[in-house]
Amino acid sequence: MTDCVLGIDLGTSAVKVTAVTAKGEILAQEGMDFPLSHPRPGYAEQDPEDWVSATTISIVRLILKDKLVPDQIIGVSYSGQMHGLVLLDSNNQVLRPAMLWNDTRATQQRDEIMAAMGNRFIEITHNAPLEGVVLPKLLWVKENQPEIFRQAKTFILPKDYLRFKMTGRLALDYSDATGTVMVDMDHQEWSNEILNAFGIPEEMCPQLVHSTSETGNISAWYSEYSGLSTATRTFAGGADNACGAIGAGIDRATKVLSSIGTSGVVLKYEPNRHTNYDGVLQFEDHAVSDAYYSMGVTLAAGYSLSRFKKIFADKEDFAEVVKSAGKSAVGANGLLFAPYIVGERAPYPDADIRGSFIGIDGSHQRADFVRAVLEGIVFSFRDIFDIYERHGNRFDTVVSIGGGAKSPLWQQIQADIFNVKVVSLTNEQGPGLGAAMLAAVGVGWFKDIQECTKQFVRFRDVYLPQPQNVKKYQQLYHIYRKIYPSTKEITHELMDYRRMQYQ
């Protein structure tokens with residue numbers, strides 16, 4: 001057995017722990033699901049202890065089943081779902097269920113932030129205060145659960161709570177911290193102006209560290225609990241999208257990441273911290289030192305497809321359901337799907353918009369509906385590409401990861417709708433590999449992420465745009481763009497109706 005590092009990828013519905021050698025070889029991988037709660041429309045919550053239990057079980061399996069030697073696990077780093085709010089009391093005990101990135105209850109608080117600060121807020125953070133990010137949710141707790149807010153000593157994000165349970169040390173890396181919309185991007189520190197404006201005590205904000213910063217060894221308690229050695233070092237890690245970009249080799253401005261997970265992300269490497277998309281796209285610190293990234297998010301990308309499958313093809317193989325879209329044609333025989341089933345973020349920051357199929361007639365078959373979902377998700381990504389292009393950005397390569405990279409059909413749809421070459425990875429491990437790469441740099445195997453990328457990241461399939469399909473999709477995309485303004489009013493009224501049922 002050789003020395004290895006662990007990359008822990010704490011997602012929305014599961015954790016995955018990957019053991020990687022200095023050559024970039026995957027020794028073993030284990031994972032476990034955990035539940036997601038939707039107690040009311042627009043709410044999304046989890047018990048942070050479920051993250052700890054699932055991660056620990058995965059590590060125990062690596063040691064017992066996969067025969068990893070604890071003394072040869074020399075480093076651990078983390079990737080985590082962004083924007084989840086975990087509140088801790090003075091004894092570092094969790095005060096309430098974590099409010100996740102796709103929790104959209106804080107619309108009122110978002111409006112309060114913009115009413116109080118307006119464009120000054122975006123000048124400081126380079127971001128808009130969307131419902132799903134931390135500050136509006138903090139204000140929601142302050143206004144709706146004041147006793148819990150009074151008890152809160154600090155807040156932390158999901159992966160950082162997990163790391164705290166493994167090490168006993170609280171810290172937050174910059175790539176996740178900038179997503180709280182409480183960091184001054186230009187000065188790289190918590191913004192006193194924002195904290196003072198909304199009554200957030202500065203001492204509630206955790207220490208900021210870089211993604212490759214060492215964050216302590218495995219504690220004696222967690223060593224006994226998991227089997228890891230107390231000699232194992234931990235490193236801060238990064239937000240899942242930052243780690244996904246690292247694991248996908250997004251190392252220059254002409255490459256863009258297309259990631260289809262529960263949510264969907266179009267992510268671009270940014271070399272200049274002063275870049276500002278006026279809050280339409282998110283702008284964050286990268287997990288790579290002295291670099292940044294921007295991204296647009298579709299809230300329900302893979303989630304739209306998984307919900308469709310759950311309802312209409314629950315017993316069928318997922319890959320076969322996706323493959324069945326090949327029985328349809330470009331444009332799904334005139335059927336369009338808008339993937340707004342949990343609201344939307346970019347380019348429409350709208351918690352109350354909802355999804356729709358448009359153009360259904362009696363001739364449509366299930367394959368048309370499947371294809372419409374695949375295409376609708378990619379059309380929502382095309383919206384984000386349009387924003388980049390309006391800012392003068394051009395791309396020569398799209399690196400596809402997640403569900404969209406598992407299907408040749410779906411990758412070709414991306415190439416045709418984006419009208420850009422699409423490539424996939426030889427050994428896609430996504431954010432988990434990015435986390436492992438941060439640990440690999442942290443333990444000294446490589447001098448920086450760029451050197452590690454040359455060893456760890458390899459590309460395979462290439463999909464080129466097909467001109468005849470590109471032309472058809474350009475026509476269809478023109479129609480797709482009309483769905484949001486056409487359905488906004490009616491879906492908002494339906495959401496008001498649903499909320500009335502809970503009063």
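Which residues does Leu228 touch, not counting residues up to four places away in sequence? They are Leu6, Ile59, Ile63, Pro70, Ile73, Met166, Ile218, Tyr222 and Ser223, where contact means heavy atoms within 4.5 Å. The structure is a predicted model, in which local features need pLDDT of at least 70 and side-chain atom pairs count only at pLDDT 80 or more, while totals for chains, interfaces and linings use all residues. Residues are numbered from 1 along each chain as its sequence is written, and side-chain values use heavy atoms, with hydrogens and water left out.

The overall division of the chain comes next. The domain assignment gives domain 1 (4-236) and domain 2 (255-502); such bounds come from an automatic or database domain assignment. The centres of the two domains, taken over C-alpha atoms, are separated by 24 Å. Across the boundary, 51 residues of domain 1 are in contact with 43 residues of domain 2.

Nonpolar side chains tend to be buried together in soluble globular proteins. A nonpolar core is a set of buried Ala, Val, Leu, Ile, Met, Phe, Trp, Tyr and Cys residues joined through side-chain atoms within 4.5 Å. Buried means under 20% relative accessible area, exposed over 50%, and partly exposed in between (1.4 Å probe, protein chains only). The largest nonpolar core here has 74 residues, and Leu6, Ile8, Met166, Leu228 and Phe456 touch the most other members. Helix α15 (residues 430-442) gives the most to this core, namely seven residues. Helices (H or I, at least four residues) and strands (E, at least two) are DSSP runs, numbered from the N terminus. Because domain 1 (4-236) and domain 2 (255-502) both give residues to this core, the core lies between them. There is also a second, separate core of 53 residues, whose members include Val256, Leu336, Val370 and Tyr473.

Two positions carry a database annotation. UniProt, in an unreviewed entry, lists Met82 and His83 for "binding site". UniProt positions are given in the numbering used here, feature names are shortened, and annotations may be inferred rather than shown by experiment. Met82 lies in the loop between β5 (73-80) and β6 (86-88), and His83 also has its place in the loop between β5 and β6. Is Met82 buried or exposed? Met82 counts as buried because its relative accessible area is 3%. His83 is buried too, at 1% relative accessibility. Leaving aside neighbours within four places in sequence, Met82 is in contact with residues including Trp101, Asp176, Glu284 and Tyr293. With residues up to four places away not counted, His83 touches Met99, Trp101, Lys137 and Arg345, among others.

Charged side chains form another set of links. Side chains of opposite charge can pair when their charged atoms come close. A salt bridge is a side-chain nitrogen of Lys or Arg within 4 Å of a carboxyl oxygen of Asp or Glu, and the structure holds 24 of them. In one of these, Glu45 pairs with Arg96, with the closest N and O atoms 3.2 Å apart. This pair links distant parts of the chain, as Glu45 is in strand β4 (residues 45-46) and Arg96 is in the loop between β6 and β7 (98-99), 51 residues apart. Both Glu45 and Arg96 are buried.

Arg252 and Asp396 also meet in a salt bridge, at 3.7 Å from N to O. Arg252 lies in the loop between α10 (240-247) and β16 (255-260) and Asp396 in the loop between α13 (366-390) and β22 (397-402), so the pair ties together parts that are 144 residues apart in sequence. Arg252 is partly exposed at 38% relative accessibility, and Asp396 is partly exposed with a relative accessible area of 38%.

A further salt bridge joins Asp386 and Arg382, whose closest N and O atoms are 3.0 Å apart. These two residues both lie in helix α13, four residues apart, which is about one turn of the helix. Salt bridges also link Lys159, Asp160, Arg163, Asp173 and Asp176 in a network.
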